[in-house]
Amino acid sequence: MSPTEIHQQHRQHQPVIPTETDVVVVGAGIAGLCAAIASAERGAQVVVVDAHTAGGRASSTERDGFRLNLGGHALYRRGHLANLLTTHAICPAGGVVDGTTIGVLRDGEVHRVVMGPIGLLRNPVLRSRSRLRMAALFARLPRLDPAGLTGRSVADWLGDEPDDVRQFMEMFIRLATYTNAPGIFDAGAAVIQLKMAMGGVLYVDGGWGLLVAALRRLATDAGAIVVDHAEVRAVRCDATPGSRVEVQLGDRMIIAGAVVVSAGGPDTAERLTGAAVANRQTLTAPITASCLDLAVRRVEVGLVLGMDEPVYLSPHAPLANLAPAGHDLISLMRYLVPGEAAGDAGTVHAGLLTVARLAGVSDDDVVFERLLHRMVVTHGAPTASGGGLAGRPTIHALGLPGVLVAADWVGPSGLLADASSTSGEQAGIAAARLCANINR
Ligand SMILES: Cc1cc2nc3c(=O)[nH]c(=O)nc-3n(C[C@H](O)[C@H](O)[C@H](O)COP(=O)(O)OP(=O)(O)OC[C@H]3O[C@@H](n4cnc5c(N)ncnc54)[C@H](O)[C@@H]3O)c2cc1C
C-alpha cells in the first residue's frame, strides 16, 4: 500500500502506521500538534506519534464532574497559541482573569491590594515612600523596551529599587513566567511576558484538553495521522543533506523526509537522536512547581500571590467552567527555584493548604484534592548570560539535516505553551520545505 493510500485509509479511522512518510513528528503535545498542522497544511504527509496520549502537559482529566488541568493553566490572549487557534476559527470559551484587586500574602497574612495608579498609591504591602516608585514602574511598563533589558537579569534590572518594590515586582514576574530565578532570568524576556500578561489571560472552559482536541482535529483535518501509545526509541540520520531519516518505534521503523522532535526536554531530544543540543547552556535548569488543586464547594476567594513566599492561589472555577454546579476549583502552586528539590510531599501539601486557609478556604469546603508534587512547567527558561530569548536553542539546534526540534525552550520568541506553539509551527514549516525539496 502506498503512503498516499495509507493516509487516505487512516482518515477513514484505520490506525495504520505507514512505513514511509514525508514528516514524522515525535510527541503530540502543543509543539508536536502545531508542527503537524503546519506541515500538513503545506501538503506534507505527516505522522505524529506519542508515547502516551496526545496533549502532554496540556492534557486535562475529569474527576467527579471537575475538569483538572495538569496544574493551573492560563491561555495568554495575545500569545502565539491563542493567535494560532483564532486564525483557524477556534475561539476558546472561558473566563478572563480580573486583576484589578488581588490578595497579597506577606508576613503570613493576606492583604487586599487594588491595582491601578490610585490603588497602588495606597498599597498596604509597600512602605509609603515605595508606593510612588511602584506606581511609576507599572506606568512605565507598557512603554518599556525589552531589547534594552536583554542580557540583564531581573535582579540586576530591579537592583536599585527598594526591597519591597523589588519583591512586589518579582511576584508578578513569577506569575507571568512561572520562573522563580531573579538572579539569572533575563529581564528582557520577563518584560515581554509581563506585557503579554497585561493583555489578559483566559481560564479555558472544559480545560486545556479541549485545546488539545481542537489542535488534534486541525492536524487530522489537514491529513495528518496521529497515533497514541507509540513510543519512539531512536531517530537516526546521516549528515548528508537530503538523506532520509529513520524513526525507530519498538518493532517497526518509519522512513521520513524530515522529523520534528517535540518530545519534551532537551535530554529526550539528545537521547533519541544521539546529537547534542546547541546552546543548551543558555537555559536555566527545568522550571518546576508543586501544584495542589482543590475541588471545593462554592467559596468566595480571589487571586492570591505570595510576596515573601513564591506561592500562587487562584479560583479557576467559577471563572471557567471546570466544576459542577455549586462547586469551584482552586489551583495552588509553589514556584521552585531551578534545580530546587520539591521537598517531601507531606510538607509541600501542608504548606499549600496553609495558603488556602489564609485565603479563606475552610477544610470543610474541600470535596477532594490533588497534589502534583513536582511538575516541569517548562524545560528551561532564558537567562541573561545566555542572551535572553534570542540566545535559546533554535529549531535546528540538533545540527542534523532533516531533524528539527520544537518545545517550550526552543526559539527566539514566547514562553511556556506559546514557545511550544511558535517553535512547533516553525519546525513544521521547515520540515515541509525539506520534504518538498527532497520530493522535487
Ligand atoms: C503546572 C503547569 C502549569 C502551566 N501553566 C501554563 C500556563 O498557564 N500557560 C502556558 O502557556 N503554559 C503553561 N504551562 C506550560 C505548558 O503546559 C507547556 O509548555 C506545554 O504544554 C509543553 O508542550 P510541549 O509539546 O512542548 O511538551 P509536552 O507537553 O511535554 O509534550 C511532549 C510529548 O512528547 C511525548 N513523548 C515523550 N517522549 C516520547 C517518545 N520517545 N516517543 C513519542 N512521544 C514521546 C510525551 O508523551 C508528550 O505527550 C504549564 C505547565 C505546567 C506543568
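**View 1. Secondary-structure elements around the ligand.** Helix H2 (30-41), strand S18 (366-378) and helix H12 (416-439) each contribute at least two residues to the shell around the ligand. The model shown is predicted. Of the 37 residues around the ligand, those that come nearest are Asp50, Arg57, Ala74, Tyr178 and Ser420. By residue class, the shell comprises 22 nonpolar, 11 polar and four charged residues.

View 2. In the side chain of Ser420, an N or O atom is 2.8 Å from an oxygen atom of the ligand. The backbone also takes part: an N or O atom of the Ile30 backbone lies 3.1 Å from a ligand oxygen atom, and a backbone N or O atom of Ala417 lies 3.2 Å from an oxygen atom of the ligand. The ligand taken alone exposes 1000 Å², of which the protein buries 95%.

View 3. Tyr178, one of the residues that come nearest to the ligand, is placed in the loop between helix H7 (163-177) and helix H8 (187-198). Its phi is near 65°, a positive value in a residue other than glycine. Most residues other than glycine have a negative phi.

**View 4. The cis peptide bond at Pro318.** The peptide bond from Ala317 to Pro318 is cis, and its omega is near 25°. Most peptide bonds are trans. Pro318 belongs to the loop between strand S16 (311-317) and strand S17 (327-335).

How values were computed:
Residues numbered from 1 in each chain as written. Predicted model: local features only at pLDDT ≥ 70, side-chain atom pairs only at ≥ 80, totals over all residues. Heavy atoms only, no water. Near = heavy atom within 4 Å. Polar contact = N/O pair within 3.5 Å; in protein donor to acceptor, adjacent residues only side chain to side chain. Areas by Shrake-Rupley, 256 points an atom, 1.4 Å probe, with all protein chains shown as cover. Helix = DSSP H or I, 4+ residues; strand = E, 2+ residues; numbered from the N terminus. Nonpolar A, V, L, I, M, F, W, Y, C, P; charged D, E, K, R; others polar.
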